[in-house]
Amino acid sequence: MGTTVAERVRRVEGGLSPAERKIARALTANYPAAGLESASGLAAQAGVSAPTVVRFVARLGFDGYRHFQQSLREEVQARHASPLTLAPVIGKDSPTSELVEAAQHVSSATLDQTFAALPEQEFDQAVGLICDPAKRIACFGGRYSQLLAEYLDLHLRLLRPGTFVHTATPGRDAGFRLDLSRRDVCVVFDFRRYQDDTVQLARYAHERGAKVVLFTDPWLSPVAEFADVVLPARVEAPSPFDSIVAPLALVEALVAAVHARLGPAAEERMRAAEEAWRGEAGTS
């Protein structure tokens, strides 16, 4: 589980010079393609000199621009990995004890790396957006990541009003798009083999003025190009299928932070929900 270039950028961004911050913005705005340009090409995109790009790459911990680009090329391959190309950690003849050990190791590593690389400023921004009483919260994802959207919404609706899960259907999608505005926060889940309709819906929300909070993997969904907040999580698993262990843990961390930030208002809503459930149970 190597460290991605994007993770390296987030680790050093607090100490970057103004010119280096321009490079970081240019790189993340078109990630990872911008970094596959020549040093002078990336410099032109960022509006800085080529030597500044070379210094920026060294600050990230690379021996040179070639090493930097090699890392990005490996990320491109990782972004397009599928269950058919990812090798499982164990084989068909492996004992159960080996499976358990591998699962424990991989899951622990994904959690450790996810929270070690968590961009705290962006996490705080996500909490602030979700706690804003003037905002409506819409969660949506792809074929598998929709599970995370539903899980987050189940908690948010207990903590604040005006939250829902959007499921793209022919009849419902048009109405959802028409209603999107600056008062909305879209929490989007999109992981590698990124889903085109999820990306396009998030882009449309952004164009309508909605804020976009993105949960993605370290290789960054195309939604990262225009998202207001990007929260990456590791997805490696002992099987060839990507894991939601670390993304789910990040969702639960967000729920805990929202609960703490809303304080008494959240507690009051939770009590009201409990009373409503008891009332329904008593009449069933």
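User: What makes strand 3 and strand 4 a pair, and in which sense do they run?

Analyst: In this predicted model, strand 3 (residues 184-189) and strand 4 are joined by 5 bridges in the parallel sense. Two strands pair if there are at least two bridges between them, and strands 3 and 4 have 5, so they count as paired. One of these contacts places Val-212 of strand 4 as the bridge partner of Cys-186.

User: What joins strand 4 to strand 5?

Analyst: Strand 4 and strand 5 (residues 229-232) run parallel and are joined by 4 bridges. Val-213 stands opposite Val-229 of strand 5.

User: How do you know that strand 4 is mostly covered?

Analyst: Of the 6 residues in strand 4 (residues 211-216), 5 are buried. A residue counts as buried under 20% relative accessible area. For the chain, 46% of the 284 residues count as buried.

User: Why are Cys-139 and Cys-186 called buried?

Analyst: The cut-off is under 20% relative accessible area. Cys-139 has a relative accessibility of 0%, so it counts as buried. Cys-186 has a relative accessible area of 0%, and therefore it is buried as well.

User: Why does Ile-130 count as buried, and which residues is it in contact with?

Analyst: Ile-130 is found in helix 7 (residues 120-131). Its relative accessibility is 0%, and the limit is under 20%, so Ile-130 counts as buried. Leaving aside neighbours within four places in sequence, the residues in contact with Ile-130 are Ile-137, Leu-156, Arg-160, Val-187, Leu-254 and Val-258. A contact requires heavy atoms within 4.5 Å.

User: What makes the phi of Leu-220 worth noting, and is Leu-220 buried or exposed?

Analyst: Most residues other than glycine have a negative phi. The phi of Leu-220 is near 70°, a positive value in a residue other than glycine. Leu-220 is found in the loop between strand 4 and strand 5. Its relative accessibility is 4%, so Leu-220 counts as buried. Arg-193, in the loop between strand 3 and helix 10, also has a positive phi, near 65°.

User: Why is the peptide bond from Tyr-31 to Pro-32 worth noting?

Analyst: Most peptide bonds are trans. The bond from Tyr-31 to Pro-32 is cis, with omega near -5°. Pro-32 is found in the loop between helix 2 (18-29) and helix 3 (39-46).

User: How do you know that the radius of gyration agrees with a compact globule?

Analyst: With 284 residues, a compact globule would have a radius of gyration near 19 Å, and the 21 Å of the chain agrees with this. The C-alpha trace spans about 70 × 55 × 40 Å along its principal axes.

Technical notes:
Residues numbered from 1 in each chain as written. Predicted model: local features only at pLDDT ≥ 70, side-chain atom pairs only at ≥ 80, totals over all residues. Heavy atoms only, no water. Buried < 20%, exposed > 50% of the residue type's maximum accessible area, 1.4 Å probe, protein only. Helix = DSSP H or I, 4+ residues; strand = E, 2+ residues; numbered from the N terminus. Rg over C-alpha atoms; globule rule 2.2 N^0.38 Å.
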